[in-house]
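Reader: I have not looked at this one before. Can we go through it step by step?
Author: Fine. Here it is.

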Amino acid sequence: MVYRTILICVIIAISAITVHARETSSIRVHIEGVAGKELENVRIALAIPEGLVSAGKVNEKWMEHFKEQIPDKVKEALQPFGYYAPEVTVQSGVTDDRAYDLYVVIKPREPVRVTDISVGLRGAGSNEPKLKGLVETFPIARGDRLDQEIYENTKMNLQAAAVSLGYLD
């Protein structure tokens, strides 16, 4: 009788474990609402973690955890482009071809805009034509959408020019 009770408990435990794994052939992520570099950054942020699908099965608990993280991952992926408060909705389902589909709809909302900018040169290199030209053509102006990539690249180019001319070491 004890052996039978243990066997029943083991069968129930195994059944409970298999309930948390859904047999699928793949996971597909569908993203709507952004394009270009923003879309590419979101795709990278939402890369399916290794091991989420194992032996043709999706780990349901892990998938739920991953789905819960999607809004924060999307928000972080859009920040370099000036979008700090996007609205993100996530839906999921399994299709007839046994694929687990994640649908991510993004409403970027209004981006952060540059309200003030001041770029100048001081010191020995302030009259250097190459440096003055870079400052005069600084590609960010008041009212522009904040784009961290443009800002960082321009700052790096200005610093590299100063170094090449011997003003920074």
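Reader: What span should helix H5 have, going by its residues?
Author: This is a predicted model. Helix H5 runs over residues 148–164, and at 1.5 Å a residue its 17 residues should span 24 Å. The C-alpha atoms at its ends are 24 Å apart, so the two agree.

Reader: Which residues of H5 are buried?
Author: Thr154, Leu158, Ala161 and Ala162. They sit on the same side of H5, because the arc they cover around the axis is only 100°.

Reader: And what covers the buried residues there?
Author: The cover includes helix H4, residues 129–136.

Reader: What caps the N-terminal end of H5?
Author: Asp147 does, with a side-chain oxygen 3.0 Å from the backbone nitrogen of Glu149.

Reader: What follows H5?
Author: Gly166, which has a positive phi, near 85°.

Reader: Different topic. Which residues touch the most other members of the largest nonpolar core?
Author: Val42, Met63, Ile70, Val74 and Ile106, out of 21 residues in that core. Strands S2 (26–32) and S6 (99–107) and helices H2 (36–45) and H3 (60–78) each supply at least two of its residues. H3 gives the largest share, six residues.

Reader: What is Val42 in contact with, leaving aside neighbours within four places in sequence?
Author: Ile31, Val34, Val74, Ala77, Leu78 and Ile106.

Reader: What other core lies apart from that one?
Author: A core of five residues, among them Leu131, Val135, Leu158 and Ala161. Leu158 and Ala161 are also among the buried residues of H5.

Methods: Residues numbered from 1 in each chain as written. Predicted model: local features only at pLDDT ≥ 70, side-chain atom pairs only at ≥ 80, totals over all residues. Heavy atoms only, no water. Core = buried A, V, L, I, M, F, W, Y, C linked by side-chain atoms within 4.5 Å. Buried < 20%, exposed > 50% of the residue type's maximum accessible area, 1.4 Å probe, protein only. Helix = DSSP H or I, 4+ residues; strand = E, 2+ residues; numbered from the N terminus. Contact = heavy atoms within 4.5 Å. Expected span 1.5 Å × (residues − 1). Arc of directions from axis to C-beta. Polar contact = N/O pair within 3.5 Å; in protein donor to acceptor, adjacent residues only side chain to side chain.
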